[in-house]
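Here is a briefing on one protein chain. Read it with the sequence and the 3D view side by side.

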Amino acid sequence: QELSQYPEEVEYLWVPCSFIAPDGPASVQLVTTGAREVGVVTMVPVRINANLKAETMEELIGGKKQRHLESFKFQNLEAERELQQLAGRAEERLRGDPWRSRELKAWVETGGVEGDLSPS
(Lines give C-alpha, C1' and ligand atoms only; values in the text may rest on other atoms or scores of the structure.)
Protein backbone atom coordinates (compact mmCIF):
# COMPACT_ATOMS: atom_id res chain seq x y z
CA GLN A 1 0.00 0.00 0.00
CA GLU A 2 2.86 2.42 0.72
CA LEU A 3 4.28 1.96 -2.80
CA SER A 4 0.93 2.06 -4.58
CA GLN A 5 -0.05 4.85 -6.96
CA TYR A 6 -3.34 4.96 -5.02
CA PRO A 7 -2.38 4.64 -1.32
CA GLU A 8 -6.02 4.77 -0.19
CA GLU A 9 -6.70 1.54 -2.09
CA VAL A 10 -5.53 -1.90 -1.08
CA GLU A 11 -4.29 -4.32 -3.71
CA TYR A 12 -4.46 -8.09 -3.40
CA LEU A 13 -2.23 -10.18 -5.59
CA TRP A 14 -3.30 -13.63 -6.70
CA VAL A 15 -1.24 -16.32 -8.35
CA PRO A 16 -1.98 -16.31 -12.11
CA CYS A 17 -4.38 -19.03 -13.28
CA SER A 18 -5.33 -19.87 -9.68
CA PHE A 19 -9.06 -19.32 -10.38
CA ILE A 20 -9.38 -17.37 -7.11
CA ALA A 21 -11.60 -14.28 -6.99
CA PRO A 22 -12.53 -12.07 -3.99
CA ASP A 23 -16.02 -12.75 -2.64
CA GLY A 24 -16.98 -10.12 -0.08
CA PRO A 25 -15.44 -7.44 2.10
CA ALA A 26 -12.10 -7.97 3.82
CA SER A 27 -11.90 -8.13 7.61
CA VAL A 28 -9.04 -7.66 10.07
CA GLN A 29 -8.45 -10.49 12.56
CA LEU A 30 -6.02 -11.14 15.38
CA VAL A 31 -4.18 -14.41 14.78
CA THR A 32 -3.02 -16.54 17.71
CA THR A 33 -1.24 -19.85 18.05
CA GLY A 34 -2.19 -21.44 21.32
CA ALA A 35 -1.88 -18.81 24.07
CA ARG A 36 0.50 -16.62 22.09
CA GLU A 37 -0.66 -13.72 19.82
CA VAL A 38 1.07 -13.77 16.46
CA GLY A 39 -0.26 -10.67 14.71
CA VAL A 40 -2.98 -8.92 12.78
CA VAL A 41 -4.08 -10.40 9.46
CA THR A 42 -6.44 -9.09 6.80
CA MET A 43 -8.78 -11.91 5.82
CA VAL A 44 -10.32 -11.77 2.37
CA PRO A 45 -13.12 -14.24 1.57
CA VAL A 46 -12.53 -15.86 -1.81
CA ARG A 47 -14.32 -18.15 -4.18
CA ILE A 48 -13.15 -20.44 -6.93
CA ASN A 49 -13.87 -18.98 -10.36
CA ALA A 50 -13.17 -21.73 -12.86
CA ASN A 51 -14.07 -19.82 -16.01
CA LEU A 52 -12.46 -22.15 -18.49
CA LYS A 53 -13.95 -20.24 -21.42
CA ALA A 54 -11.80 -17.18 -20.78
CA GLU A 55 -9.54 -16.49 -23.73
CA THR A 56 -5.78 -16.16 -23.52
CA MET A 57 -4.07 -12.96 -24.72
CA GLU A 58 -3.04 -14.74 -27.93
CA GLU A 59 -6.65 -15.76 -28.58
CA LEU A 60 -7.92 -12.24 -27.86
CA ILE A 61 -5.35 -10.68 -30.21
CA GLY A 62 -6.06 -13.29 -32.88
CA GLY A 63 -9.80 -12.63 -32.64
CA LYS A 64 -9.25 -8.88 -32.91
CA LYS A 65 -7.04 -9.40 -35.97
CA GLN A 66 -9.70 -11.64 -37.55
CA ARG A 67 -12.43 -9.02 -36.95
CA HIS A 68 -10.25 -6.33 -38.54
CA LEU A 69 -9.60 -8.50 -41.59
CA GLU A 70 -13.30 -9.30 -41.97
CA SER A 71 -14.15 -5.60 -41.69
CA PHE A 72 -11.55 -4.74 -44.32
CA LYS A 73 -12.90 -7.45 -46.62
CA PHE A 74 -16.44 -6.09 -46.21
CA GLN A 75 -15.29 -2.53 -46.96
CA ASN A 76 -13.54 -3.73 -50.13
CA LEU A 77 -16.65 -5.59 -51.32
CA GLU A 78 -18.83 -2.54 -50.60
CA ALA A 79 -16.47 -0.25 -52.52
CA GLU A 80 -16.38 -2.72 -55.44
CA ARG A 81 -20.18 -2.84 -55.55
CA GLU A 82 -20.45 0.95 -55.54
CA LEU A 83 -17.84 1.26 -58.31
CA GLN A 84 -19.71 -1.27 -60.45
CA GLN A 85 -22.92 0.73 -60.02
CA LEU A 86 -21.11 3.92 -61.01
CA ALA A 87 -19.55 2.22 -64.04
CA GLY A 88 -22.98 0.99 -65.16
CA ARG A 89 -24.45 4.48 -64.90
CA ALA A 90 -21.50 5.99 -66.77
CA GLU A 91 -22.01 3.56 -69.62
CA GLU A 92 -25.73 4.44 -69.78
CA ARG A 93 -24.94 8.17 -69.86
CA LEU A 94 -22.39 7.57 -72.61
CA ARG A 95 -24.93 5.71 -74.72
CA GLY A 96 -27.32 8.66 -74.45
CA ASP A 97 -24.69 11.21 -75.43
CA PRO A 98 -25.17 11.99 -79.15
CA TRP A 99 -21.66 13.40 -79.49
CA ARG A 100 -20.00 10.27 -78.13
CA SER A 101 -22.22 7.54 -79.56
CA ARG A 102 -19.87 6.84 -82.44
CA GLU A 103 -16.97 6.32 -80.04
CA LEU A 104 -18.94 4.06 -77.66
CA LYS A 105 -18.13 0.90 -79.58
CA ALA A 106 -14.40 1.62 -79.48
CA TRP A 107 -14.62 2.56 -75.78
CA VAL A 108 -16.35 -0.71 -74.84
CA GLU A 109 -13.97 -2.79 -76.96
CA THR A 110 -10.92 -1.30 -75.21
CA GLY A 111 -12.39 -1.93 -71.79
CA GLY A 112 -13.46 1.62 -71.04
CA VAL A 113 -10.01 2.85 -70.09
CA GLU A 114 -9.88 6.53 -69.15
CA GLY A 115 -8.66 8.65 -72.04
CA ASP A 116 -10.10 6.40 -74.77
CA LEU A 117 -12.91 8.89 -75.38
CA SER A 118 -10.73 11.85 -76.29
CA PRO A 119 -12.29 14.18 -78.89
CA SER A 120 -11.41 13.31 -82.46
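Of the contacts in the protein chain with a separation of 6 or more, 27% are between residues 24 or more positions apart. The model is predicted, and the mean pLDDT of the protein chain is 77. The chain holds two helices and four strands, in the order β-β-β-β-α-α.

**Confidence**

- A pLDDT of 70 or more is reached by 77% of the residues.
- Helix α1 (residues 57-96) has the highest confidence, with a mean of 88.
- Helix α2 (residues 101-109) has the lowest, with a mean of 64.

**Burial and surface**

- The protein chain has 120 residues, and 6% of them are buried.
- Its accessible surface is about 10900 Å².
- Carbon and sulfur atoms account for 58% of that surface.
- A nonpolar surface patch covers about 590 Å².
- Trp14, Phe19, Ile20, Val46, Ile48 and Leu52 make up this patch.
- Trp14 sits in the segment before β1 (20-22).
- The relative accessible area of Trp14 is 34%, so this residue counts as partly exposed.

**The β2-β3 hairpin**

- Strands β2 and β3 run antiparallel and are joined by seven bridges.
- They form a hairpin, with two residues between the strands.
- Gly34 lies in the turn and has a positive phi of about 70°.
- Ser27 has Met43 in β3 as its bridge partner.

**Around Pro45**

- Pro45 is placed in the loop between β3 (36-43) and β4 (46-48).
- Which residues does Pro45 contact, leaving aside its neighbours within four places in sequence? They are Ala21, Pro22, Asp23, Gly24, Pro25 and Ala26.
- Ser27 is 18 residues from Pro45 along the chain, and their C-alpha atoms are 8.7 Å apart.
- Pro45 is partly exposed, because its relative accessibility is 34%.

**Salt bridges**

- Side chains of opposite charge can pair when their charged atoms come close.
- The protein chain has two salt bridges.
- One of them joins the side chains of Arg47 and Asp23, at 3.8 Å from N to O.
- Arg47 is in strand β4 and Asp23 is in the loop between β1 and β2 (27-33), so this pair ties together parts 24 residues apart in sequence.
- Asp23 is also among the residues that Pro45 contacts.
- Helix α1 is where confidence is highest in the protein chain.
- Glu78 has a relative accessible area of 24%, so Glu78 counts as partly exposed.
- Arg81 is likewise partly exposed, with 39% relative accessibility.

Conventions: Residues numbered from 1 in each chain as written. Predicted model: local features only at pLDDT ≥ 70, side-chain atom pairs only at ≥ 80, totals over all residues. Heavy atoms only, no water. pLDDT = per-residue confidence, 0-100. Patch = residues over 30% accessible without salt bridge, like charges linked within 9 Å, V, L, I, M, F, W, Y side chains within 5 Å. Areas by Shrake-Rupley, 256 points an atom, 1.4 Å probe, with all protein chains shown as cover. Salt bridge = Lys/Arg side-chain N within 4 Å of Asp/Glu carboxyl O. Buried < 20%, exposed > 50% of the residue type's maximum accessible area, 1.4 Å probe, protein only. Contact = heavy atoms within 4.5 Å. Pairing = 2+ DSSP bridges.
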